[in-house]
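Me: I am new to this structure and would like to understand how one of its parts is placed. Could you take me through it step by step?

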Amino acid sequence: MPTYELALMLRAMPKPELKTTLKRVANGIFDRGGIIRNIENLGFRATPFKTSAHGLVHREANFFVFKIDTATKVVADLKEEYNRDVDIIRQNVFKVQDDSDHSCTLEEEMLPPAYRKDVQKMIEVGKTQVNRFTYKFKYNSGLDYYPFQK
């Protein structure tokens, strides 16, 4: 199962109601076979802009991020359920990319930069390119002289 981040904006409400809303969100994930890895509370704060949801205008919200593992087909069901929930103002689901392809050795890192393979490769590329950033004056103005001081 891939890992997703579920970002939620919950309406301003007292803590007991907030607790029941978070339980309802968690049970929706668990009922569909998902796993919650982490719940991060980003706090209660003003929204960047006024947001209308379910017929009300919201200027403040509780922000939460759930890190979940669930099947790909379940994500659409969760989004549909949370769109209908009156306590949830906004919700977004993002897929988390796995960055496990890091392979570096201490010997390569301890070499001086001029001896590293990636630096040598950049030097070779730099030698083959023409320096296109230097500006040369072109005498296409029709004047017989350079009008600015040299």
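This is a predicted model: local features need pLDDT of at least 70, side-chain atom pairs count only at pLDDT 80 or more; totals for chains, interfaces and linings use all residues.

Me: How many residues does helix α1 have, and what distance does it reach from its first C-alpha to its last?
Reply: Helix α1 covers residues 15–31, which makes 17 residues. At 1.5 Å a residue the expected reach is 24 Å, and the reach from the first C-alpha to the last is close to that, at 24 Å.

Me: Within what arc do the buried residues of α1 fall, seen down its axis?
Reply: The buried residues of α1 are Leu18, Thr21, Leu22, Val25, Ala26, Gly28 and Ile29. They line one face of the helix, because seen down the axis of α1 they fall within an arc of 155 degrees.

Me: Which exposed residues does the face of α1 turned away from its buried side carry?
Reply: The buried residues of α1 are covered by elements that include β1, β2, β3, α2 and β4. On the face turned away from that buried side, the exposed residues are Pro16, Lys19 and Asp31.

Me: Is leucine 78 buried or exposed?
Reply: Leucine 78 is found in helix α2, and its relative accessibility is 4%. Since buried means under 20% relative accessible area, leucine 78 counts as buried.

Me: How many Å apart in space are leucine 78 and valine 25, C-alpha to C-alpha?
Reply: Leaving aside residues up to four places away in sequence, leucine 78 touches Gly28, Ile29, Arg32 and Ile68. Leucine 78 and valine 25 are 53 residues apart in sequence, while in space their C-alpha atoms are apart by 9.0 Å.

Note on methods. Residues are numbered from 1 along each chain as its sequence is written. Side-chain values use heavy atoms; hydrogens and water are left out. Helices (H or I, at least four residues) and strands (E, at least two) are DSSP runs, numbered from the N terminus. The expected span of a helix is 1.5 Å times one less than its number of residues. Buried means under 20% relative accessible area, exposed over 50%, partly exposed in between (1.4 Å probe, protein chains only). The arc is that of the directions from the helix axis to the C-beta atoms. Contact means heavy atoms within 4.5 Å.
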